[in-house]
Amino acid sequence: MKECNFNFQNTYSTLGQEFYTHLHPAPVPMPEMVVLNEALAEFLDLDFSGITSQQKAALFSGNSLPEGAEPLSQAYAGHQFGHLAMLGDGRAHLLGEHVTRAKKYDIQLKGSGRTPYSRSGDGKAALGPMLREYIISEAMHSLGIPTTRSLAVVSSGEQVFRESPLPGAILTRVAASHIRVGTFQYAAIQKDINLLQRLLDFTIKRHEPQLNNTENKALALLETVAERQADLIVHWMRVGFIHGVMNTDNMTLSGETIDYGPCAFMDAYHPDTVFSSIDQMGRYAYGNQPKIAQWNIARLAEALLPLIDTNPDKSVKLAEKIVLNFMNIYETKWLDMMRAKLGLSGWHKDDEKLISDLLNWMDKNQADYTNTFRDLGMAVFSEKNYYKNKEFKSWKVRWIARQQKNKTNNEAVLRLMKNTNPAVIPRNHNVEKVLKLSEEGNFKYLFKLLEILKDPYKEAPHLSEYQGLPEPDERVYQTFCGT
Ligand code: AMP
Ligand code: MG
């Protein structure tokens, strides 16, 4: 399908066959388009206007391959809930690296059939979870958060069997790359320093060419990835996003959010919030995410040790410094982000206390995380009871007094708050409703939700339907991976 403008390179295979297996996606009986991301297609210089819907469905299901694609599944390892396992793409095929004028992007099918890394899995995906990834990843992008993107979802025309039979689907994922912390762990386990070196060189070439002239490339990469992950987690904390499965195979070197499984956005603020049905210990709870990111960076550091220095003690010391510094970097960035949420410019010694007092008050009063910051930004507190309590009123006096110390003008402060605090997020009860209707073949509400989430910082009357909290019978306490 030359006419779609795919411009593939397949450089991942230059890493050597230890890192992948060449194989074709499994054919599916009756693929049908569910959603195509036209804006993303345009951004990628792709053009599907010259082919029929059927041809598109064949393309995005893997039934027909675009010219230049050399599909492969990647090998990687990963700590899953703390335990190291050999993994790999159990249900994904990388078609190739699509080269645009600006950048190179991995184009990958997910849910596209069994691979040598499938273990006991069927290699398939259900429509609900693939649409969940589509909705949330595109929402994250519109919120200005680094993420893999979703180009298309097709239904496959076959059923996949989980607790019950479900409609099958395939997602087309677009990523800066699919190199994960787990890819480095995989290379380190092989005990062949050449493999590790090859992966390091490949990663630097792909993501960090500026590090080419650094004296210690492995250390420089570790430092860069740590900083980028700190940025990413600060973004997640800013919007109340809970990833749900922060295993090391689900952390990219590019700093993009990846693998939307049982992820969700928090409604009422509570740091222990967990949605994932498989996270019974709360390892990946909202408030634990920074610590887990640091833990994952420590695993990346371990994998890189042999490349940092030939003297193991020296290597450990150098890596440790970066791992330990992660929390300092994170906390500084987090404070800056919270200041922006509260419209505080400059720095004041009591800022941290002002922020934590608000969060504690929110926790005690089950205040909605998104709406509270939005209310603060618009200075409308009327109808909610908890804004009338004494604790909030005295906090507000302190907050206004602190704002008066701002060096920037009022207008700039309001703009900052509006651009930091979303007006709308994909609330779990809305997402679940849309997924249920989609499974029944009604996609109208999916398109409506996708439209709403495209401009999340701009207040508008038609958003109100999506800004409210779930009614008691709509509350979603658990989300499922659906793998
Ligand atoms: P995840 O939790 O989605 O990041 O997946 C963890 C691992 O399980 C990865 O190696 C996936 O490729 C694999 N996996 C997930 N679902 C399936 C499935 N249905 N069939 C085969 N492998 C799967
Ligand atoms: Mg994964």
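The following legends describe close-up views of a predicted model.

Local features are given only at pLDDT of at least 70 and side-chain atom pairs only at pLDDT 80 or more, whereas totals for chains, interfaces and linings use all residues. Residues are numbered from 1 along each chain as its sequence is written, chains are lettered from A and ligands numbered from 1 in the order in which they are written, and side-chain values use heavy atoms, with hydrogens and water left out.

**View 1. Domain division and the contact between domain 2 and domain 3.** The protein is divided into domain 1 (2-178), domain 2 (182-339), domain 3 (345-420) and domain 4 (428-474); these bounds come from an automatic or database domain assignment. Taken over C-alpha atoms, the centres of domain 2 and domain 3 are separated by 31 Å. Domain 2 gives 16 residues to their contact and domain 3 gives 18 residues, where contact means heavy atoms within 4.5 Å.

**View 2. The largest nonpolar core and the surroundings of Leu376.** A nonpolar core is a set of buried Ala, Val, Leu, Ile, Met, Phe, Trp, Tyr and Cys residues joined through side-chain atoms within 4.5 Å. Buried means under 20% relative accessible area, exposed over 50% and partly exposed in between, with a 1.4 Å probe and protein chains only. The largest such core has 119 residues, and those with the most contacts inside it are Val153, Phe184, Trp334 and Leu376. Helix H6 (residues 217-239) supplies the largest share of this core, 14 residues. Helices (H or I, at least four residues) and strands (E, at least two) are DSSP runs, numbered from the N terminus. When neighbours within four places in sequence are left aside, the contacts of Leu376 are Leu342, Leu358, Phe381, Phe392, Trp395, Trp399 and Met417.

**View 3. The second core and Phe48.** A separate core of 25 residues includes Cys4, Leu36, Phe48 and Phe60. Phe48 is found in the loop between helix H1 (38-43) and helix H2 (53-61). Its relative accessible area is 5%, so Phe48 counts as buried. Beyond its neighbours within four places in sequence, Phe48 is in contact with Cys4, Phe6, Leu36, Ala41, Lys56, Leu59, Phe60 and Leu151. Phe48 and Glu3 are 45 residues apart in sequence, and their C-alpha atoms are 7.7 Å apart in space.

**View 4. Strand S9 and its partners S3 and S10.** Strands are said to pair if DSSP finds at least two bridges between them. Strand S3 (residues 32-36) and S9 pair in the antiparallel sense over four bridges, and Met33 has Val154 in S9 as its bridge partner. S9 and strand S10 (residues 165-175) also run antiparallel, joined by nine bridges. Between these two strands, Ala152 has Thr172 in S10 as its bridge partner. A hairpin of three residues joins S9 to S10.

View 5. Lys124 forms one with Glu158, their closest N and O atoms being 2.8 Å apart. Lys124 is buried at 16% relative accessibility, whereas Glu158 is partly exposed at 22%. Arg132 is buried, at 4% relative accessible area, while Glu432 is partly exposed at 29%. Asp267 forms a salt bridge with Arg427, with 2.6 Å between the closest N and O atoms. Asp267 is buried at 14%, and Arg427 is buried at 1%.

View 6. Asn250 and Asp259 are both buried.

Definitions and conventions:
Salt bridge = Lys/Arg side-chain N within 4 Å of Asp/Glu carboxyl O.
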